[in-house]
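Here is a short briefing on one protein model.

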Amino acid sequence: MDNRDEVKAFLSSRRAKVTPEQAGLNNLSRTRRVPGLRRSEVADLAGVSVEYYAQLERGNLAGASESVLDALGRALQLDEAEREHLLALARAAGPARRPRRRAPARPVRTSVIRMLQGMTEVPAIVQNGRLDALATNRLGQALFAPVFARPDRPVNLARFTFLNPDARTLWGNWTGVADDTVALLRTEAGRSPFDTGLTDLVGELSTRSDDFRVRWAAHDVRLHRTGLKHIQHPVVGALHLSYEVMELIADPGMTLVAYTAAAGSADDDALRLLASWAGTHEAAEAFGADS
């Protein structure tokens, strides 16, 4: 796989985001033809020659040392997610490249399923880097009932966000969810450049959704660790839930995401109501296309 276009687009987009003032370059002429920094300015800040930086930005990261990548990260003021993405792109450009392939589907292990089933008061879901929903507990199924309502399998959170009109109601902050979703897929593309399943998903969403295509072109990345999820649930109303993302070390690429509410809060009450409702309803069927 040749990732030169991806490297070129990522580096040029990050360079365009840094202003001379942010970089501490104050003695500059007022007339500038490019947004952000010039290539020569990035080269000076990173301590490399202009010719070498130009070679990097043309997409040739193969052979770039870790020290050069670190210096480049400082010059471009990359955050942690962007630095990790740059390192992933450099690894993909290296000599150990592999042919593109479709990653085989791996089932969620039985012990993980048992753990999910034991989490009766906390909605939880297991997903992969493509945002396929691989497994969930009963409360998680109820929380994301509109997502599971369609017969398509595996259920994919990105596809739901951009192609299902119900997403704009379920996600209390659709714009924020859409931004994060694309950034997570872009991050995964850097980590798993040979996954044709991911490439197919990105191609489908780029073709069918202008909102996705515009965000994909921004080359933003992020790490998925913790945060706050706003949900407008069709049964219990507004929910504001904290979430924690836990890597399943024995299952590379899989994470378990658990959602909680502060004890005694209105969100906690709503979760308890949802658990009661889930005990007497099959969540996905309750919001099926024919309901």
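Arg14 is buried in this predicted model, with a relative accessible area of 2%. Buried means under 20% relative accessible area, exposed means over 50%, and partly exposed lies in between (1.4 Å probe, protein chains only). Glu82 also counts as buried, at 10% relative accessibility. These two residues form a salt bridge, with the closest N and O atoms 2.8 Å apart.

Residues are numbered from 1 along each chain as its sequence is written, and side-chain values use heavy atoms, with hydrogens and water left out. In this predicted model local features need pLDDT of at least 70 and side-chain atom pairs count only at pLDDT 80 or more, while totals for chains, interfaces and linings use all residues.

**Salt bridges**

- The structure holds 20 salt bridges; each is a side-chain nitrogen of Lys or Arg within 4 Å of a carboxyl oxygen of Asp or Glu.
- Side chains of opposite charge can pair when their charged atoms come close.
- Arg14 and Glu82 pair at 2.8 Å between the closest N and O atoms. This pair links distant parts of the chain, 68 residues apart: Arg14 sits in helix α1 (residues 4-17) and Glu82 in helix α5 (residues 80-93).
- Helices (H or I, at least four residues) and strands (E, at least two) are DSSP runs, numbered from the N terminus.
- A network of salt bridges links Arg14, Lys17, Glu82 and Asp220.
- Glu57 forms a salt bridge with Arg15, and their closest N and O atoms are 2.7 Å apart. Here too distant parts of the chain are linked: Glu57 is in helix α3 (residues 50-57), Arg15 is in helix α1, and 42 residues separate them.
- Both Glu57 and Arg15 are buried.
- Glu41 forms a salt bridge with Arg38, with the closest N and O atoms 3.1 Å apart. Glu41 is buried at 8% relative accessible area, whereas Arg38 counts as partly exposed at 28%.

**Sheet**

- Six strands form an open sheet in the order β3-β2-β1-β6-β5-β4, with antiparallel pairing. Two strands pair if DSSP finds at least two bridges between them.
- β3 (155-156) and β4 (226-233) stand at the edges with a single partner strand each, so one side of each has no neighbour in the sheet.
- Strand β2 (residues 132-136) pairs with β3 in the antiparallel sense over two bridges. Ala133 has Val155 in β3 as its bridge partner.
- β4 and β5 run antiparallel and are joined by eight bridges. Ile231 has Leu239 in β5 as its bridge partner.
- Three residues lie between β4 and β5, which form a hairpin.

**Cavity and pocket**

- Rolling a probe the size of a water molecule over the atoms shows where empty space is left.
- On a 1 Å grid over the protein atoms alone, a cavity is a set of points where a 1.4 Å probe fits but cannot get out, and a pocket is an open set with protein on both sides within 12 Å along at least five of seven lines; lining residues have an atom within 4 Å of a point.
- Grid points are joined across faces, edges and corners, and a volume is the space filled by probe spheres set on the points.
- The count comes to one cavity of 30 Å³ or more. The largest cavity has a volume of about 30 Å³.
- Its lining consists of Leu69, Asp70, Arg83, Leu86 and Leu87. Helices α4 (66-75) and α5 each supply at least two of the lining residues, and α5 gives the largest share, three residues.
- The second largest pocket holds about 350 Å³ of space. It is lined by 20 residues, and the closest to its centre are Val177, Asp180, His224, Lys229 and Tyr243.
- Two or more lining residues of this pocket come from each of β1 (124-127), α9 (157-163), α11 (174-191) and β4. The largest share, five residues, comes from α11.

**Whole protein**

- The protein has 15 helices and six strands.
- Its C-alpha trace spans about 65 × 40 × 35 Å along the principal axes.
- Of the 291 residues, 48% are buried.
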